[in-house]
Amino acid sequence: MAPIRPSLLCLAVFICFIRETTCCSLTTSAMAASPSAEIPFDFRLVHDGFASALVEDEDVDMEQYLLAYKELYKFFQLMGTVFSFVGSDVKAKIDILEDFSNSSDGQHFATVKSMIKYEMEQNLLKKKDYVSGSRTLLRLHRGLDFIKLFLQRVGELSDTDGTSSAGHEAYNATLAKHHPWIIRKGATVAMYALPTRKDLLIKVCGNNDECVQRALDVLPKMILAADEVYARTEQCYTENDLHGLP
């Protein structure tokens, strides 16, 4: 039998990757395929959400965290299938956590620490058929690790530089360790389609030089706020030995 050519193997992997990352949520994937052109991604809203999420006692406010993540979800939508390995079910996870916050037990889901404490004390993390807020947040937390590192690397590039290397570097340092082989290979292939920095910023911010410059100006501050939110959340999961939640 003739050997399979590498190009055909990559194509097969990519097709399987797209199926794997989109089958879990038809609604979400449909939204990702047709993002709203009228509302571009706003780095400032992400910054403001994460900065406001930093509350006392080294804790993280869930409402502000989710506001920032809703804006990041817009970024994933605008990028389409290239980032489907991280964005395919973000909206569903945000909805789950907002439902907890709006429930009769909402006071227990006001911050990261209070949510983890409540679910552990009530033995909810091992309860069958319980959709865990701590587990749901952990998946968003891992995605944040990837996107903040990717955007940090993008900020270090020139306008004419390609962004695929930034994507590969960020993915290999973060999400790759949590994904099975088919997702890792598919993500690697998909990110070769990433554009230059200039084209990426135009895609997510709109074809407006002033808007793009504002994005570049606020990007370092946004990364700092996201880093601190990530560090606090990471510490909560480490202290409670919850990084291995299934």
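Predicted model: local features only at pLDDT ≥ 70, side-chain atom pairs only at ≥ 80, totals over all residues.
**Exercise 1. Find how E210 and R214 are placed relative to each other, and classify each as buried, partly exposed or exposed.**

*Solution.* First, locate them: both residues sit in helix 12 (residues 209-239), 4 residues apart, which is about one turn of the helix. Second, check the side chains, which meet in a salt bridge of 3.1 Å, N to O. Third, classify. E210, at 54% relative accessible area, is exposed, whereas R214, at 47%, is partly exposed. Salt bridges with shared partners also occur here: they join E58, E228 and R232 into one network.

**Exercise 2. Show which parts of the chain the salt bridge between K113 and D57 links.**

*Solution.* Begin with the distance, which is 3.8 Å from N to O. Then place the partners: K113 belongs to helix 7 (residues 112-121), while D57 lies in the loop between strand 1 (54-55) and strand 2 (59-60). They are 56 residues apart, so this pair links distant parts of the chain. As for accessibility, K113 is partly exposed at 27%, and D57 is exposed at 59%. To finish, count by the same rule: the model has 14 salt bridges.

**Exercise 3. Which residues of helix 7 are buried, and what covers them?**

*Solution.* Step one is the list: V112, M115, I116, Y118 and E119 are buried in helix 7. Step two is their direction. These residues cover an arc of only 165° around the axis, and therefore they lie on the same side of helix 7. Step three is the cover, which includes strand 2, helix 4 (62-79), helix 6, helix 8 (133-155) and helix 12.

**Exercise 4. Is K93 buried or exposed, and which residues does K93 contact beyond its neighbours within four places in sequence?**

*Solution.* K93 is found in helix 6 (residues 90-101). Its relative accessible area is 13%, and because buried means under 20%, K93 is buried. Setting aside neighbours within four places in sequence, the contacts of K93 are T136, R139 and L140.

Notes. Residues numbered from 1 in each chain as written. Heavy atoms only, no water. Salt bridge = Lys/Arg side-chain N within 4 Å of Asp/Glu carboxyl O. Helix = DSSP H or I, 4+ residues; strand = E, 2+ residues; numbered from the N terminus. Buried < 20%, exposed > 50% of the residue type's maximum accessible area, 1.4 Å probe, protein only. Contact = heavy atoms within 4.5 Å. Arc of directions from axis to C-beta.
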